[in-house]
Amino acid sequence: MPLSDRRVASHDPLTEEESPAPRAVAPARKKAKAEEKPKEKAKPVVKTADKLAKLGLKSDIDLVLHLPMRYEDETQLTPIGELIPGDIAQTEGVVFDNEIAYRPRRQLLVKIRDDAGDELTLRFLNFYGSQVKQMAIGVRLRVRGDVRGGFFGLEMVHPSVRPVDDDTPLPQALTPVYPSTAGISQGYLRKAIDNAITRVDLPELLPEPIARAHLQPLNVPGLLDAVKTLHHPRADSDETALIDGTHPAWTRIKFEELLAQQLSLKRAHEERRTRAAPAMPRRLPDDEASLVVRLLRALPFALTGAQQRVVAEIAGELTLAHPMQRLLQGDVGSGKTIVAALAAAQAIDAGYQAALMAPTEILAEQHARKLRGWLEPLGVQVAWLAGSLKAKEKRAAIEAAALGTAKLVIGTHAIIQDAVEFARLGLVIVDEQHRFGVAQRLALRAKALNAADGKQDFQPHQLMMSATPIPRTLAMTYYADLDVSTIDELPPGRTPILTKVVSDGRRDEIIGRVREAALTGRQVYWVCPLIEESETLQLQTAVETYETLVATLPELRVGLVHGRLAPAEKAAVMDAFSRNEVQLLVATTVIEVGVDVPNASLMVIEHAERFGLAQLHQLRGRVGRGSAASVCVLMYSNPLSQTARARLQTMRETTDGFEIARRDLEIRGPGEFLGARQSGEAMLRFASLENDGWLIEPAREAAAQMLKSFPDAVTRHLARWLGAREHYLKA
Ligand code: ADP
Ligand code: MG
């Protein structure tokens with residue numbers, strides 16, 4: 001067993017070594033006391049080891065790899081006379097006053113004076129009796145905190161405080177600050193980590209050839225060396241590089257972590273090949289009984305070249321007896337739905353069911369309408385399953401899924417609820433998959449596992465669709481275990497959308513254009529401003545906008561759709577719009593994804609400056625779906641922030657979703673781009689895609705080589721760096 005795997009669960013990390021700093025020992029003493037007096041009411045004492053476990057620090061190796069999140073510079077003392085308000089500084093002085101004041105509220109005021117005679121007030125709003133004693137008159141204190149210019153001179157509120165002697169030396173190097181949690185002091189963590197370091201020798205796990213090929217060029221230190229440097233920076237180390245994460249010691253750690261991530265993703269990908277899924281053979285083009293063949297024949301259009309290519313990629317993989325996990329990306333309007341329908345048809349041809357899940361009810365409903373239109377005439381039963389269905393309808397849909405009479409089940413995440421079971425689920429399609437959180441995707445996966453044929457080891461194929469193209473670095477890290485098919489061509493006959501950026505001072509003129517367009521038979525979307533702070537306010541604005549437009553344009557048939565409408569009402573309005581009974585549709589962002597009304601060719605977006613790029617792109621994608629030349633008017637109101645200006649300019653300059661995604665990433669950075677739920681804690685602790693993207697490629701190459709030649713090292717590397725977090729990577 002490698003040393004690194006030794007557990008420490010049975011002992012407190014502190015007890016083995018020499019006596020720790022006085023502050024840190026407190027929790028242990030408390031524990032001992034509780035044991036001595038069993039008669040005292042048994043309050044559950046949270047052991048520090050348990051608290052450490054909460055931080056994920058269960059073994060020595062966990063502690064050793066618990067690296068600082070930042071550093072504090074305690075190597076300098078600033079004389080009180082030279083403190084500058086607004087700075088964080090460390091200074092020293094002797095207490096000459098110590099009082100508890102009651103105005104405006106109870107607080108402890110401690111005054112210190114340094115050798116030059118300058119004075120500083122320390123203010124504590126929460127404090128213990130022990131602190132009052134610790135800072136008694138005559139004690140010399142070393143304090144560190146934010147300097148403020150108070151009414152009565154300089155002060156620090158809640159500085160960190162340490163009693164010192166005249167000659168207590170200053171630290172020679174930066175002081176690490178660790179990620180922590182309530183009840184665990186930095187001092188305790190430091191000590192525990194230091195002790196763990198003495199017990200563990202942290203062997204290099206990277207096989208020699210891998211290290212030579214991929215680490216040497218990076219010019220980074222050995223692992224143990226790197227870890228020691230980060231925990232205890234030497235006095236002469238490059239402080240700036242340590243703090244901003246560019247130090248070679250950090251590079252070493254980040255490489256190790258990215259390598260673990262790549263290994264995990266690739267392994268998940270390979271592991272899939274060992275699992276069983278239903279093979280769904282392709283039928284010949286002259287097979288009159290084939291649903292795929294009949295669907296293709298019945299379509300009012302021919303597939304684009306790009307659609308044919310991705311259909312072939314998907315169809316080919318469905319014939320294999322292990323689960324497909326494929327991302328279908330294609331810009332808004334590129335025609336992903338028919339590709340999904342053809343995949344479903346292949347599953348049905350092979351005697352299986354398919355499920356299609358969409359993030360919103362409006363979108364799911366659209367899919368249901370479209371796919372019913374295509375499939376029901378061919379004799380396929382399609383079930384519709386959403387949270388808002390009446391109990392009776394829901395029961396009927398669930399039954400149809402369970403009996404297998406419904407060959408295709410379409411719905412929102414209601415599909416993944418426990419009550420729903422499938423007779424023979426062979427394919428799961430998820431639209432706008434980035435809208436679903438990691439947890440939901442895991443739930444779907446679990447369901448899928450149990451669903452197919454009732455056999456645990458039999459898993460349906462998965463097809464995920466997204467109109468938000470994923471930039472390469474993200475694709476490589478977050479989706480590396482997915483295969484990707486890309487539709488890079490729009491259906492023919494579309495005239496490009498003209499985008500105009502217009503100040504809201506020209507509102508009347510725009511309303512005139514709306515009237516004109518509607519009177520010549522075109523349909524129009526009017527998108528209401530986004531009000532993030534208040535849904536109620538947003539609703540109110542939508543209603544007001546609707547009323548104003550109804551009053552200003554009495555000759556038009558105007559509809560209103562927003563998130564608070566009951567699903568049936570929503571559906572009624574959308575239906576009326578798609579049948580051209582409504583000419584002008586006033587809408588909130590509920591129409592953002594997937595809504596498809598080809599005759600709509602003008603869109604006005606109010607307060608466009610409040611929307612994000614991806615959102616604007618999605619919204620704009622609702623027009624330009626038919627043959628009429630489409631216009632999108634982005635109405636803004638001043639003043640415009642610099643990023644808002646950049647966004648609007650991007651929208652005016654391009655309709656290419658990939659280009660927009662690239663610029664979006666540039667403006668916002670990857671964390672926000674993916675949404676908090678997909679980035680963050682589950683993935684990377686040390687590396688960041690923003691700054692360390694350049695390390696991904698070498699990590700990927702190393703991962704490939706390691707999997708091929710050193711499978712044992714792979715397992716050890718994953719255990720060391722990912723531990724329990726690994727399953728998140730597979731969602
Ligand atoms: P998205 O990729 O945004 O989901 P859709 O699947 O909703 O796009 O397709 C957009 C519109 O284009 C729909 O009206 C669809 O029927 C139509 N469409 C799809 N493929 C073609 C094609 N090859 N030729 C013409 N129209 C097509
Ligand atoms: Mg779509």
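In this predicted model, residues T337, I338 and A341 of helix α12 meet H367, L371 and W374 of helix α13. By class, this contact comprises 4 nonpolar and 2 polar residues, with no charged residues. Helix α12 covers residues 336-349 and helix α13 covers residues 361-375; the two pack at an angle of about 55°, and their axes lie 11 Å apart. Because of that angle, α12 is oblique to α13. The handedness of this crossing is right-handed.

K336, which has a polar side-chain atom 2.8 Å from an oxygen atom of ligand 1, falls within the range of α12, residues 336-349. K370 likewise places a polar side-chain atom 3.1 Å from an oxygen atom of ligand 1, and α13 spans residues 361-375. T337, already named in the contact of α12 with α13, is one of the residues that come nearest to ligand 1, together with A302, G333, R494 and D596, out of 17 residues around the ligand.

Helix α7, residues 223-231, packs against helix α9, residues 248-272, at an angle of about 120°, with the axes 8 Å apart. This angle is the reason why α7 is described as oblique to α9. Here the crossing is left-handed. On the side of α7, the residues in contact are L223, A226, V227, T229 and L230, and they meet A249, W250, R252, I253 and E256 of α9. The residues of this contact divide into 7 nonpolar, 1 polar and 2 charged.

Most peptide bonds are trans, and most residues other than glycine have a negative phi. The peptide bond from N638 to P639, however, is cis, with omega near 0°. P639 is located in the loop that connects strand β22 (631-636) and helix α21 (642-653). The other detail concerns H158, a residue other than glycine whose phi is positive, near 50°. H158 sits in the loop between strands β7 (153-157) and β8 (160-163).

Notes. Residues are numbered from 1 along each chain as its sequence is written. Chains are lettered from A and ligands numbered from 1 in the order in which they are written. This is a predicted model: local features need pLDDT of at least 70, side-chain atom pairs count only at pLDDT 80 or more; totals for chains, interfaces and linings use all residues. Side-chain values use heavy atoms; hydrogens and water are left out. Axes are lines fitted to C-alpha atoms, for helices over the stretch in contact, and angles run from 0 to 180 degrees between N-to-C directions. Helices (H or I, at least four residues) and strands (E, at least two) are DSSP runs, numbered from the N terminus. Angles under 35 degrees count as roughly parallel, over 145 as roughly antiparallel, 65 to 115 as roughly perpendicular and the rest as oblique. A crossing is left-handed if the near helix is turned anticlockwise from the far one by less than a right angle, and right-handed if clockwise. Contact means heavy atoms within 4.5 Å. Ala, Val, Leu, Ile, Met, Phe, Trp, Tyr, Cys and Pro count as nonpolar, Asp, Glu, Lys and Arg as charged, and the others, Gly among them, as polar. A residue is near a molecule or strand if one of its heavy atoms lies within 4 Å of it. A polar contact is a pair of N or O atoms within 3.5 Å; within protein, one must be able to donate a hydrogen and the other to accept it, and residues adjacent in sequence count only if both atoms are side-chain atoms.
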